[in-house]
Amino acid sequence: MTGRGRDATVTRLAHLLLTRLTLVVAGGLTSVIVARALGPGDRGAYWVIVTIATTATAAGNLSVEKSQTTLWAEEGNRPAVTANALWLGLAAGTVAAVAAFAAVFLPGTAADRSTVVWGLAAVPVMMAIVYVNNVHVLHARTGVVNRGSLAGAALQCSALVALGSLGRLTVEWVVIIWTVSAVTNLLLLLPPLPVRRPYDRRLVRRTLSCGLRYHPGSVCHFLLLRLDVLILNAMSTPAAVGIYSMAVTPAELLRAMTDAVVQITLPRQMESSQETAAAYTARTIRITVVLATVSITLLYLAGPFLVIAATGPAFRGCVTPMLVLAPGVAAAAAARPAAAYLLRLNLPIATSLMYGAALLVNLTLNILLIPRMGVAGCALASTVAYTALAATQVIWFARSAGMPLRRLIPGAAEVHEIIRRVRGLLRAD
């Protein structure tokens, strides 16, 4: 890459890091508003509905975003992959939402039922966002993705503040606002996208076929991140789920910085030669390790005080599980570039086995630890599983690339580069 191209990439990365920081603040504000308005019990009920909707999205998305990434390596596929993204997302999401509605047991009143319906209405929208976002990232249009995310977050925060100030926030209204914010996000993604009927049905079939080979692993990966909520809900109380949801939120915000790096680097990981992509991935891992380390340090130093001050004494119990969960989330965030590189190897069965093993570890530990340790046991089970998965991904990448693990350890050069670029961006602003 030329010096000018490298500078442009790093500048985009710095802008994306600031965008992610804004989303972290917005996500934290949203969590605080919901926590204070609903309390642990209703916060837990809301989180279960969101988990059902996001699980339906993950189970029904057929891993099309992975097949999009794989097919992108063939330049002739790119126009059709781009044009098909919206329609495939809406169609697959509608099927997934209907299936989830039929599968979920809906206890209680019609109001409960309508709340779940509002949550499942977001499934086709979220599915389309996944596919369309991935296409924009592959086109290196990260600015489009950022604007959509920021608009959705801004709408969600402002609506929650408005209703909260009127004392009208309920579980149903929080879910409705969540769904409407997703619609806003999607609408802002569409203008740069060639939206028309799929013109290459052969590629649609190939996309679905390729995605289905990766789908068992994708489902296992998602369940690894979300099954603990459903297990805790089954083995404990809604209040415990509410406490755990507040522990999960700050810890998962750790991924915001590394997500920015992954978005910027994915096109080069997919389009370069395998040797160049491996070297680029190794450099990216060194950067994500630095960012994850900084994020977890800040969380340990300031997280307990900020969470209690923001949410109140009712959520004091979330501090310990948050600190227990953070190392696992940081490890998973740092290893994300390695996971992206592994898609190039086109080994879906091995990938599925890797995620399935991590899910089994998480499931087993949750069942063993929740009765003994409660919410903290749920967090510990996830941390062990996340860390084991991250280690597996990094070791697999290093062996497939033929490089020693020491090349993935960051040094002063990565730290100085990040500091220099962020300072340059701040001076420019």
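Some housekeeping before that. Residues count from 1 along each chain as its sequence is written, and side-chain values use heavy atoms, leaving out hydrogens and water. Since the model is predicted, local features need pLDDT of at least 70 and side-chain atom pairs count only at pLDDT 80 or more, while totals for chains, interfaces and linings use all residues.

OK, aromatics. How many aromatic pairs does the structure hold? Two, where a pair means Phe, Tyr or Trp rings (the six-membered one for Trp) with centres within 6.5 Å. Tyr46 and Trp47 have ring centres 6.4 Å apart and planes at 65 degrees, so they are edge-to-face; that label needs over 60 degrees, with under 30 being stacked and the rest tilted. Both Tyr46 and Trp47 are buried, meaning under 20% relative accessible area with a 1.4 Å probe and protein chains only (exposed is over 50%, partly exposed in between).

Then there's Tyr341 with Phe397, also edge-to-face, at 4.9 Å centre to centre and 80 degrees between the planes. Tyr341 sits in helix 12 (residues 336–342) and Phe397 in helix 14 (residues 375–401), so this pair ties together parts 56 residues apart in sequence. Helices here are DSSP runs of H or I, at least four residues long, numbered from the N terminus. Tyr341 is buried at 1% relative accessible area, and Phe397 is buried at 0%.

On to helix packing. Helix 7 (residues 201–235) and helix 13 (residues 348–373) have axes that come within 7 Å and cross at roughly 10 degrees. Axes are lines fitted to C-alpha atoms over the stretch in contact, with angles from 0 to 180 degrees between N-to-C directions.

What about helix 3 (residues 78–103) against helix 7? Here the angle is about 70 degrees and the axes are 10 Å apart, so helix 3 and helix 7 are roughly perpendicular. Helix 3 brings Ala80, Val81, Asn84 and Leu88, and helix 7 brings Leu203, Val204, Thr207 and Leu208, contact being heavy atoms within 4.5 Å.

Last, cysteines. With a disulfide taken as two cysteine sulfur atoms within 2.5 Å, the count is zero. Cys210 is buried at 8% relative accessibility, and Cys318 is buried at 0%.

Terms used: Helices (H or I, at least four residues) and strands (E, at least two) are DSSP runs, numbered from the N terminus. Angles under 35 degrees count as roughly parallel, over 145 as roughly antiparallel, 65 to 115 as roughly perpendicular and the rest as oblique.
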